Structures are given as C-alpha cells and as structure tokens.
Amino acid sequence: MKAAVTTRAGVPNVIEIKEVPRPELKSGWVLIKVMAFGLNRSEIFTRRGESPGVMFPRIQGIECVGIVEEDHSGTYNKGQQAAAIMGGMGRFFDGGYAEFALVPLDIVFPFKSNLSWDVLGAIPEMFQTVSGSLNQALEIEGAEILLIRGGTSSIGMLACQLAKTKGLTVISTTRNEDKRQALLDNGADYVLIDSGQVQEQLLELFPKGVNKVLELIGTRTLKDSLKCIAPKGIVCMTGILGNEWTMNDFTPMGDIPSLGRLTVYMGESKNLSKELLQEFIEEVEKGNIRLNIDRVFDLEHVPEAHQYMEDNKAKGKLVVILN
C-alpha cells in the first residue's frame with residue numbers, strides 16, 4: 001500500500017511517500033480502508049520529535065475515516081463506514097496517513113452518511129475536541145460570554161458555531177485583520193485583533209470580563225486570557241497554536257485570578273460516542289453546522305500540507321483524501 005511515512009524527526013520533507021506492506025489483521029483490531037483524514041497540529045509536534053515515546057519511522061495520523069476492510073471479531077461488516085480516532089494512533093502504532101490503517105477495536109466509531117469523504121474527513125478529531133472543550137471542560141451555558149483565542153483555526157471556527165447554537169455571545173480573536181470578516185461570517189459577535197494581549201480591548205466591551213475562555217493559542221497568551229475572565233470564570237487550554245508547550249514565570253497565586261479556574265482538555269476517543277458522532281454528522285448534512293475546510297490535499301502532498309499547516313496559512317481544517 002501507499003503511505004506517507006515520517007522517516008525521522010524533522011521538517012516537513014522528512015515525510016516521504018512510500019510503498020509499504022499492508023497491515024495484517026490481528027485479534028482485537030480492525031483494518032480500515034482509508035478514504036480521508038484530517039490534519040492536526042499535534043502531528044507537527046510528533047513529526048518534529050516532540051511527542052514522548054514516538055519511534056521513527058512512523059506512519060502518522062491520529063484520525064481517519066473510511067470503510068471497514070476486515071474485522072475478525074464480527075463487530076463490523078466489510079464495507080461499513082467508520083471513523084478511527086486517537087488512542088495512540090499515529091504515535092505508538094501506525095495511523096491514518098496511508099491507504100489502510102490497522103486500529104484497535106475500541107477506537108472505531110461506525111456511522112452512516114452520504115456526505116463526501118473530504119467533509120467526513122474533517123469531522124472526527126475536530127468534533128471530539130470542540131465538544132469536549134465546550135461541554136465537559138468549560139461547561140458552557142446559554143447567555144454566557146465566551147472568548148475564543150485563536151478563532152480562525154478549525155477548532156475555533158467550529159467552537160463558535162456550536163456555542164452560538166447554545167445561545168452564547170462569542171468573541172473571537174485573530175492576528176490578521178484580513179480574517180476579521182471570516183470570523184464574523186462564521187457567527188462571531190465580536191472580533192479582536194490579537195497582538196498577544198487582548199485584555200484591554202475585551203474589558204472595553206465587557207468591563208466585568210467574560211465567563212469562559214477557550215484558549216487555543218496556548219502558553220504564549222494564557223496569562224492574558226486569565227486576565228479576561230470574570231469572577232468564577234473558566235479558562236480551558238485546548239490548543240498550542242503558538243507552538244510552545246511550556247511557559248516561564250507562571251505564578252498560580254497571581255496569574256490565576258481569585259476564584260478563577262484554569263483547566264485543560266486533552267480528549268481521547270473515550271470522550272466520543274458513536275451516537276454523538278452520528279448526531280453531529282446529521283447536523284452537518286442538514287446544513288445546521290458548516291464545516292470550515294480550508295484546503296484538500298492528496299496523499300502525495302502530505303509534506304506540503306504539513307508545511308502549509310506549520311506556516312499558519314489555513315483558515316480552517318486541512319483534509320487529505322485518497323482515491
């Protein structure tokens with residue numbers, strides 16, 4: 001089979017398109033014929049060698065959608081549509097950057113849909129992350145005010161839509177003035193141009209602060225985000241768009257305001273269910289949710305897609321489809 005293999009840690013061109021043996025089915029695992037997969041920023045860190053325990057060469061890819069090729073357990077039928085997500089996929093065993101992926105049974109989620117594969121490929125990880133961040137970590141409620149730091153990312157765009165369906169007021173940030181209208185068109189009530197600090201701008205709009213902050217940039221802006229919350233407000237750090245895992249000079253009893261809360265969301269496949277996935281897919285089919293897909297690549301251009309992602313050029317999800 002053909003696969004995009006990360007041969008060693010490094011820059012995007014360490015990913016090489018190769019012919020490799022098709023995985024052999026084993027007990028407790030499912031072989032999926034991959035039709036599409038989304039690209040995720042965490043895969044940049046894995047490619048760079050910054051994900052602990054990852055050995056190279058490795059076929060990356062923490063998610064995929066496709067059709068079941070083989071399942072000796074009889075749980076799924078050949079030809080059945082299915083998604084696979086997380087659980088060590090693309091890190092501790094080969095993942096979705098290939099024509100076939102062998103994955104554990106417990107990270108497989110069946111679904112039924114007439115959506116095109118490029119649209120389906122954008123859904124699993126993006127939906128799992130957004131749903132978990134908003135509902136489980138931030139515990140959003142109607143009439144609250146939500147600040148999304150890193151609003152033009154695929155996660156940020158979808159989070160805005162889901163928050164609006166629940167009645168929240170949404171403020172989205174971007175570093176690029178040219179992206180302001182895209183955020184407004186996506187449903188944001190307010191857009192802030194983010195220089196690394198938005199506290200002053202935000203408090204001019206809402207002097208008491210916001211109820212919830214979805215922090216997608218990460219450690220670079222976390223302290224500033226904490227300054228934006230009202231008493232008993234919550235900041236959830238979900239993303240690392242700023243490409244920095246750690247931060248210096250963080251003082252909990254100073255940087256976290258009194259009564260404020262800081263949490264993180266690092267969702268796994270167990271945070272998703274086949275019912276939730278199917279329900280979301282049906283909302284996309286009805287047009288109630290609009291997925292922001294920036295570009296679609298083919299397997300041969302995964303290295304270029306990684307460079308595009310690393311250069312922060314995308315205004316939405318990047319998807320790879322296989323013929």
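1. Charge. The chain of this predicted model carries 34 positive and 41 negative side chains. The centres of the two sets lie 2 Å apart.

2. Overall build. The secondary structure comes to 10 helices and 16 strands. The radius of gyration is 20 Å, close to the 20 Å that the globule rule gives for 323 residues, so the chain is as compact as a globular protein of that length. The C-alpha trace spans about 60 × 40 × 35 Å along its principal axes.

3. Burial and surface. Of the 323 residues, 56% count as buried. The accessible surface of the chain comes to about 14,300 Å². Carbon and sulfur atoms hold 49% of that surface.

4. Contacts along the chain. Take the contacts with a separation of 6 or more. Residues 24 or more positions apart account for 69% of them. Ser113 and Glu285 give an example of such a pair: they are 172 residues apart along the chain, and they are in contact.

5. Ser113. This residue lies in the loop between strand 8 (108-110) and helix 2 (117-121). Ser113 is buried, with a relative accessible area of 11%. The C-alpha atoms of Ser113 and Glu285 are separated by 8.1 Å. Leaving aside neighbours within four places in sequence, Ser113 touches Gln81, Leu120, Ile281 and Glu285.

6. Helix 10. This helix covers residues 302-310. Seven of its nine residues are buried, so the helix is largely enclosed by the rest of the structure. The buried residues are Val302, Pro303, Ala305, His306, Tyr308, Met309 and Glu310. A charged-type side chain is thus on the list, since Glu counts as negative, and Glu310 is buried. What covers these residues? The cover includes strand 1 (2-6), strand 2 (15-19) and strand 3 (29-38). It also includes helix 1 (42-48), strand 15 (293-298) and strand 16 (317-321).

7. Asn312 lies in the loop between helix 10 and strand 16. Its phi is near 60 degrees, a positive value in a residue other than glycine. Most residues other than glycine have a negative phi. At 31% relative accessibility, Asn312 counts as partly exposed.

8. Lys232. Here too phi is positive, near 70 degrees, and the residue is not glycine. Lys232 lies in strand 13 (residues 229-237). Is Lys232 buried or exposed? Lys232 is exposed, with a relative accessible area of 58%.

9. A cis bond. Phe56 and Pro57 are joined by a cis peptide bond, with omega at about 0 degrees. Most peptide bonds are trans. Pro57 is found in the loop between helix 1 and strand 4 (58-59).

10. Cysteines. How many disulfides does the structure hold? The count is zero. Cys160 is in no disulfide, and the nearest cysteine sulfur, that of Cys236, is 16 Å away. Cys160 is buried, with a relative accessible area of 1%. For Cys236, the closest cysteine sulfur is in Cys228, 15 Å away, too far for a bond. Cys236 is buried as well, with a relative accessible area of 0%.

Conventions:
Residues numbered from 1 in each chain as written. Predicted model: local features only at pLDDT ≥ 70, side-chain atom pairs only at ≥ 80, totals over all residues. Heavy atoms only, no water. Helix = DSSP H or I, 4+ residues; strand = E, 2+ residues; numbered from the N terminus. Rg over C-alpha atoms; globule rule 2.2 N^0.38 Å. Buried < 20%, exposed > 50% of the residue type's maximum accessible area, 1.4 Å probe, protein only. Contact = heavy atoms within 4.5 Å. Areas by Shrake-Rupley, 256 points an atom, 1.4 Å probe, with all protein chains shown as cover. Charge placed at Lys NZ, Arg CZ, Asp CG, Glu CD. Disulfide = S-S within 2.5 Å.
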